[in-house]
Amino acid sequence: MPPRSDEPRRDATGSRRGSSRGAEPREPGVGGISDARAYTPRGRTIREGGAEQRRTPRSNRSGDPFRPALQVVDGGRAARAGRREPATAGESARAGRRTAGGRAGVVRTVSARPVHEPFDDEDDPPPRRRPGPRRPAARRPVRKPRRPPRLGDPRRRLRLATVLALTLFASIGVRLVYLQTADSPAYADGGLPNRVKVIELPAPRGAILDRDGEPLAHSVEARYVFADPTLVKDRFATARALSPLLGVPVSDLADKMQRRKVPGTARDTEFVYLARGVEIGTAKQIMALDLAGINVHRDERREVPGGDLAANMIGFVSQDMNGLEGLEAKYDDLLRGQPGKRTYEAGLGDLAAPIPGGFSSTTQPRPGSSLQLTVDRDLQFMTQRILAKQVSQAKGSVAAAVIMDVPTGEVLAQASQPTYDAADPSKVNSPADRDDAATSFVVDPGSIHKAITFGAALQEGVITPNTTLPVPNTMVLGGVPFEDTHHADGRVMSIPGMLAFSSNIGTIEIAGKLGKDRLIDYQKRFGLGQPTGEGLPGEAPGRLLPADEWSGSSYGSVPIGHSVDATPLQMAAAYNAIANNGTYVQPHLIKETIGPDGKGTPSAAPATHSVLSPANAAALRRMLEAVTTVDGPDGRATGLAAAVPGYRVAGKTGTGLRYDNGKKQPGEVGSFIGMAPAEKPRYVVAVFVWSPGGEGGAVAAPAFREMMGFTLRHYRVPPSLTDKSPKFEVFPR
């Protein structure tokens, strides 16, 4: 046993080594990291013998976490060391020595250079083992060393992750492309109703113009005010704010803004009109109030510059711009046009504005066409004024006046009394006040019908301008007596005299020679018994008594204008045929239509046909002049009040009856129809006045005089100074 010493020794390599008492020398080639950990917690070592390691049971229970790995490493190194050359005795002895100063260590001979590793506890060196018999080391099974886990290849993982990411993005891209192309219409249409708004673009209604292009009725831009009852916070406060601006009572506005259900649904109505045709300035004031649930939108308003000017003829429209009466109703399809609409996608809530790039479609409105009438606005105004003044003398009366241009058959003026303001048609005493009397006022024409009887007799050769007949005062036909107001006492009377004194008996005698069949035929030729087709809706056709319905009294009543139903316009057209050299021209109101592009299309030419020869028509006109000129010892003509100073006038007075739904009305219908200048007539004027008191006869002739005089001056017709009216002999000697 080597001597004990506290001095550390160094081996041949210069490394420090300590002495260890009682330590056994190691076998050559055996050593490693496991030697440094082969001590128990108390510092005892494991004896080694041969190529095997002996461990105490205590050392086997060591809790060193690095032990498995160290064993694997040591096992590999021990195997490599076993294949080396055996160490010399000196090297083995040096390997077994330990340091003497209590600092123990294990020298590993991995290579030629030893490595010293300290014990875990340097202050407490392992105790010396007591000598005793050596026990054979327990044989442990040799475990196959574990291989360390193989790490993954990072490049492979990167490639796999890249492929997966690209696949994912490719799938998303394909899906997006599919949604944008194949499925986009379905998805877009699915939500379209919720975001699409439709705004109607109103088509301006066409105007109604007079013959010179001046407006009688036209549309102007306006606004309508509407409410959403579901958004109105306080309907009474809102109504009080709007009432002064709209001119509508507060109670009416509050009632309109009350919440109501849409008929047939459980949904509240979200739209109600408060006012239509509101002026733009008023609409701006309403918007400035910023009332919840109140808004305005574009609208149009029908404006009638003349108020009641030709109102009975023109008619009026509803708030929705639909024609209800008159020409507005008859030509509604032409005037109304075709509205357009704008459809677009809009946001919801406060962003209710068009979406940029969203769906948008606009159908432009097509304005309505305009009507240009044959009516002269100035002449129409004066005709209405004169008629209203004259009719004011007959209380509760109904009157009509028609002025026609002789060669063309154009209606220059057509007035009715009573009339109304077309801008506010509700303010009338009766709906009948809105009727056009010239086309709907059906009467027994009375004595003005005698011109037709005399014209037929002239044309058929029954009489001549020089014919004279004895005329008794009375006559009884079918048990009905007929008499004259101007008694002839059976004297011979000329044809002009019969017309001047409006002889019933003389007319009946001439009609008896003509016969009922020929008389009915000429009634039809003069346009009676059928509508004229002037252009107004609801025109009455009148009625002629058929030949098989004639009674004994009909031979006396029909020739003098009774048992005959006619309108003022029909009788005016009949006299126009006499003035137009015997040619009947259909009366008409429409001169041309003007399209939205401003291009005018003339109306169809009026229907014409011959009734009398020019010679017979001229002869009849001369005889009719007696009505306004005869004034002598034999009597005064019935139409002296209709004479127009400076002009020759041919015409006829009449006194007829009015029937309403087949019932005779009280009073009489006074009328006068005449033409001037009689030598070459330019205009025909017809005036009809019905009054319950019978004052119509005293009104019609003076009204005719004023109307005809203004018409001749308005169109600058020269007076009849070179051709004086003829002198008529009523009772030839």
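## Briefing on a predicted protein chain

Proline 418 sits in the loop between strand E16 (411-417) and H14. The peptide bond that joins glutamine 417 to proline 418 is cis, with omega of about 10 degrees. The structure is a predicted model. Its protein chain holds 23 helices and 31 strands, and 43% of its 733 residues are buried. Among contacts between residues at least 6 apart in sequence, 70% join residues at least 24 apart.

**Nonpolar cores**

- In soluble globular proteins, nonpolar side chains tend to be buried together.
- The largest nonpolar core of this model has 126 residues, and the members that touch the most others are Phe526, Met571, Tyr575, Val687 and Phe688.
- Helix H20 (residues 568-579) gives the largest share of this core, 9 residues.
- Another core, of 19 residues, lies apart from it; Leu246, Met257, Val272 and Ala283 are among its members.
- Which residues does valine 687 touch, not counting those up to four places away in sequence? They are Leu387, Ala400, Gly670, Ser671, Phe672, Ala700, Ala703, Phe704 and Met707.

**Helices H13 and H23**

- Helix H13 (residues 377-391) and helix H23 (residues 696-714) have axes that come within 10 Å and cross at roughly 160 degrees.
- Because of this angle, H13 is roughly antiparallel to H23; the cut-off for that term is an angle over 145 degrees.
- H13 passes H23 in a right-handed crossing.
- On the H13 side, the contact is made by Asp378, Leu379, Met382, Thr383, Ile386, Leu387, Lys389, Gln390 and Val391.
- On the H23 side, the contact is made by Val699, Pro702, Ala703, Glu706, Met707, Phe710, Thr711 and His714.
- Sorted by class, the contact of H13 with H23 has 10 nonpolar, 4 polar and 3 charged residues.
- Leu387 of H13 and Ala703 and Met707 of H23 take part in this contact, and these three residues are also among those that valine 687 touches.

**Helices H15 and H21**

- Helix H15 (residues 450-459) packs with helix H21 (residues 614-624) at an angle of about 140 degrees, and their axes are 10 Å apart.
- This angle makes H15 oblique to H21.
- The crossing of H15 and H21 is right-handed.
- Ala451, Phe454, Gly455, Leu458 and Gln459 of H15 meet Asn616, Leu620, Met623 and Leu624 of H21.
- The contact of H15 with H21 has 6 nonpolar and 3 polar residues, and no charged residues.

**Two buried residues**

- Methionine 493 is in strand E20 (residues 492-494).
- Is methionine 493 buried or exposed? Methionine 493 counts as buried because its relative accessibility is 1%, and the cut-off for buried is under 20%.
- Methionine 493 and leucine 469 are 24 residues apart in sequence, and their C-alpha atoms are 5.4 Å apart in space.
- Beyond its neighbours within four places in sequence, methionine 493 is in contact with Thr467, Thr468, Leu469, Val471, Ala488, Met498, Phe501, Ser503, Val730, Phe731 and Pro732.
- Alanine 438 is in helix H14 (residues 437-440).
- Alanine 438 has 0% relative accessibility, so it counts as buried.
- Leaving out residues up to four places away in sequence, alanine 438 touches Ala400, Val402, Gln414, Ser416, Thr567, Pro568 and Leu569.
- Ala400 is touched by alanine 438 and also by valine 687.

**Backbone details**

- Proline 677 is in the loop between strand E30 (668-676) and strand E31 (683-691).
- Aspartate 290 is not a glycine, yet has a positive phi of about 55 degrees.
- Aspartate 290 lies in the loop between helix H9 (280-289) and strand E11 (294-303).
- Aspartate 290 counts as exposed because its relative accessibility is 68%.
- Serine 502, also not a glycine, has a positive phi of about 55 degrees.
- The loop that holds serine 502 runs between helix H16 (495-500) and helix H17 (504-514).
- Serine 502 has 9% relative accessibility and therefore counts as buried.

Notes:
Residues are numbered from 1 along each chain as its sequence is written. This is a predicted model: local features need pLDDT of at least 70, side-chain atom pairs count only at pLDDT 80 or more; totals for chains, interfaces and linings use all residues. Side-chain values use heavy atoms; hydrogens and water are left out. Axes are lines fitted to C-alpha atoms, for helices over the stretch in contact, and angles run from 0 to 180 degrees between N-to-C directions. Helices (H or I, at least four residues) and strands (E, at least two) are DSSP runs, numbered from the N terminus. Angles under 35 degrees count as roughly parallel, over 145 as roughly antiparallel, 65 to 115 as roughly perpendicular and the rest as oblique. A crossing is left-handed if the near helix is turned anticlockwise from the far one by less than a right angle, and right-handed if clockwise. Contact means heavy atoms within 4.5 Å. Ala, Val, Leu, Ile, Met, Phe, Trp, Tyr, Cys and Pro count as nonpolar, Asp, Glu, Lys and Arg as charged, and the others, Gly among them, as polar. A nonpolar core is a set of buried Ala, Val, Leu, Ile, Met, Phe, Trp, Tyr and Cys residues joined through side-chain atoms within 4.5 Å. Buried means under 20% relative accessible area, exposed over 50%, partly exposed in between (1.4 Å probe, protein chains only).
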